[in-house]
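Please keep the viewer open while you read.

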Amino acid sequence: MTAPAIPARAAPGHTFALLDGLRGVAAILVVVRHAPNLFGLQPGAVETHLAVDLFFVLSGFVLAHAYAARVRDGLPARAFLRIRVIRLYPLYALGLALTVAVALLSFAVGQGPGFSPSALALSTLCSALMLPTPPEVSNMQAAIFKLNFPSWSIFFELIANMAFFYGLSALSARRLAAFVALAFAGLCAVALQSGDLDVGYTWNEVHAGLIRVMFAFPVGVLLYRHWIARESGAPRRLASGNAGAVACLAALTLVLVVPVPALVKPVYDVLVVACVFPALVYAAAGITPGPRLAALCLKAGAASYPLYILHAPCVAWVEAVGRRMPGVADRIAAPYAGLAFLVVLLAACLVLVRVYDAPARRRLGRLAIPKPDQTLQADRTWQADIARS
């Protein structure tokens with residue numbers, strides 16, 4: 001079979017600052033959703049589950065930018081997988097360690113975390129290998145990652161990465177579009193059956209998570225192919241200054257937080273994932289914000305992955321401390337507690353990226369790839385390429 005024509009990459013050094021901004025905003029809203037008590041919200045009041053689908057679209061776009069040409073030129077599968085795991089693992093491992101520490105604290109104070117010590121040990125081992133906890137350990141309704149539950153999307157992200165390497169990157173545009181159309185039919189079926197797209201993280205609906213990523217990720221790849229073909233290696237602005245950038249960020253915030261009646265949720269979710277997100281990503285890829293807003297977007301993008309993978313254990317720690325100090329907790333009124341938590345977590349994430357994540361990835365890279373490998377440079381073109389809710 002003739003290899004598909006893969007467009008050249010964007011100009012060397014080109015950064016998609018606004019895409020970083022979109023990812024940062026989505027990650028912040030995921031934190032708000034998973035810490036309703038701190039923000040004075042009812043559980044489910046902020047339904048930002050579609051942020052995960054946006055992360056998948058962005059990931060497809062970014063990996064096509066960073067790796068499509070390298071895969072075509074013969075990048076080995078083992079090298080590609082090492083690069084991807086090294087990119088994700090240090091912060092992933094930190095999130096797991098924080099979660100295990102909370103569980104051990106619960107055992108120590110006589111408030112079990114909801115499962116036995118043996119289940120904790122097996123879940124920790126599976127999670128350390130970036131694998132789900134077997135359903136036999138819990139039940140079919142339990143999260144596939146019992147400890148740091150947002151890890152479910154990281155698992156599907158890695159599946160999509162390998163699908164990209166072994167198949168999606170080699171498909172012609174027409175065949176890739178046909179694949180997306182088939183996945184879209186599955187997405188519609190999932191939304192109609194479940195009532196929305198807030199699915200995929202438990203064993204009884206794990207197929208839905210696979211369908212979500214296998215629609216959104218290839219959409220991102222397809223978007224990049226079309227975008228770079230139009231750009232022809234010379235990115236142009238679709239809007240000057242900050243007006244277009246602010247419009248994109250505001251539009252994303254609106255579609256993620258607007259209350260949607262249950263009756264129309266399936267249609268709303270599918271339309272957002274299939275139409276709004278691709279349009280936002282495609283437009284934002286060609287918008288160059290002003291220097292200050294661009295710098296802010298890049299920082300938000302750098303913090304997005306640590307925010308996503310660390311927020312759940314951090315929320316658990318805050319709630320655990322609050323239970324041990326009820327008087328202090330009562331004096332900290334929501335939403336100020338949530339805002340303070342978010343500011344501190346954002347600052348901590350930016351520090352962790354610099355003092356922990358980047359050095360750890362460099363060390364792991366030296367261990368995994370003894371000789372300097374230029375393919376690692378691809379991962380440095382984007383501060384963080386996932387996120388996963």
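In which loop does Met130 lie? Met130 sits in the loop between α5 (117–128) and α6 (151–166). Although Met130 is not a glycine, its phi is positive, at about 60°. Met130 counts as buried, with 9% relative accessibility; here buried means under 20% relative accessible area, exposed means over 50%, and partly exposed lies in between (1.4 Å probe, protein chains only).

A word on the ground rules. This is a predicted model, in which local features need pLDDT of at least 70 and side-chain atom pairs count only at pLDDT 80 or more, while totals for chains, interfaces and linings use all residues. Residues are numbered from 1 along each chain as its sequence is written, and side-chain values use heavy atoms, with hydrogens and water left out.

**The chain as a whole**

The protein chain has 14 helices and zero strands. Helices (H or I, at least four residues) and strands (E, at least two) are DSSP runs, numbered from the N terminus. Of the 389 residues of the protein chain, 52% count as buried. The accessible surface of the protein chain comes to about 17,000 Å², and 67% of that belongs to carbon and sulfur atoms. Such areas come from the Shrake-Rupley method with a 1.4 Å probe; for residues, only the protein chains shown count as cover.

Axes are lines fitted to C-alpha atoms, for helices over the stretch in contact, and angles run from 0 to 180 degrees between N-to-C directions.

| Pair | Angle | Axes |
|---|---|---|
| α3 (residues 51–72) and α8 (residues 206–231) | about 45° | 7 Å apart |
| α3 and α10 (residues 265–285) | about 45° | 10 Å apart |
| α4 (residues 77–108) and α6 | roughly 165° | within 10 Å |

Let us begin with α3 and α8, which pack at an angle of about 45°. That angle makes α3 oblique to α8. In this scheme, angles under 35 degrees count as roughly parallel, over 145 as roughly antiparallel, 65 to 115 as roughly perpendicular and the rest as oblique. The crossing of α3 past α8 is right-handed; a crossing is right-handed if the near helix is turned clockwise from the far one by less than a right angle, and left-handed if anticlockwise. Among the residues of α3 that take part are Phe56, Gly60 and His65, and the α8 side includes Arg212, Phe217 and Trp227. Contact means heavy atoms within 4.5 Å. By class, the contact of α3 with α8 has 14 nonpolar, four polar and two charged residues. Ala, Val, Leu, Ile, Met, Phe, Trp, Tyr, Cys and Pro count as nonpolar, Asp, Glu, Lys and Arg as charged, and the others, Gly among them, as polar.

Helix α3 also packs against α10, at about 45°. These two helices are therefore oblique to each other, and the crossing of α3 and α10 is right-handed. Asp53, Leu54, Val57, Leu58 and Phe61 in α3 meet Val273, Phe277, Val281 and Ala285 in α10. Eight nonpolar, no polar and one charged residues make up the contact of α3 with α10.

Helix α4 passes α6 in a right-handed crossing. From α4, residues including Phe80, Arg84 and Tyr92 meet α6 residues, among them Ile154, Glu157 and Phe165. By class, the contact of α4 with α6 has eleven nonpolar, two polar and two charged residues.

**Residues to look up**

Ala160 and Met214 are 54 residues apart in sequence, with their C-alpha atoms 6.8 Å apart in space. Ala160 counts as buried, at 0% relative accessibility.

Thr133 lies in the loop between α5 and α6 and is buried, with a relative accessible area of 1%. Beyond its neighbours within four places in sequence, Thr133 is in contact with Ser123, Cys126, Ile144, Lys146 and Trp203.

Finally, Ala45 is found in the loop between α2 (36–39) and α3. Ala45 is partly exposed, with a relative accessible area of 45%. The C-alpha atoms of Ala45 and Val257 are separated by 8.6 Å, and these residues are 212 residues apart along the chain.
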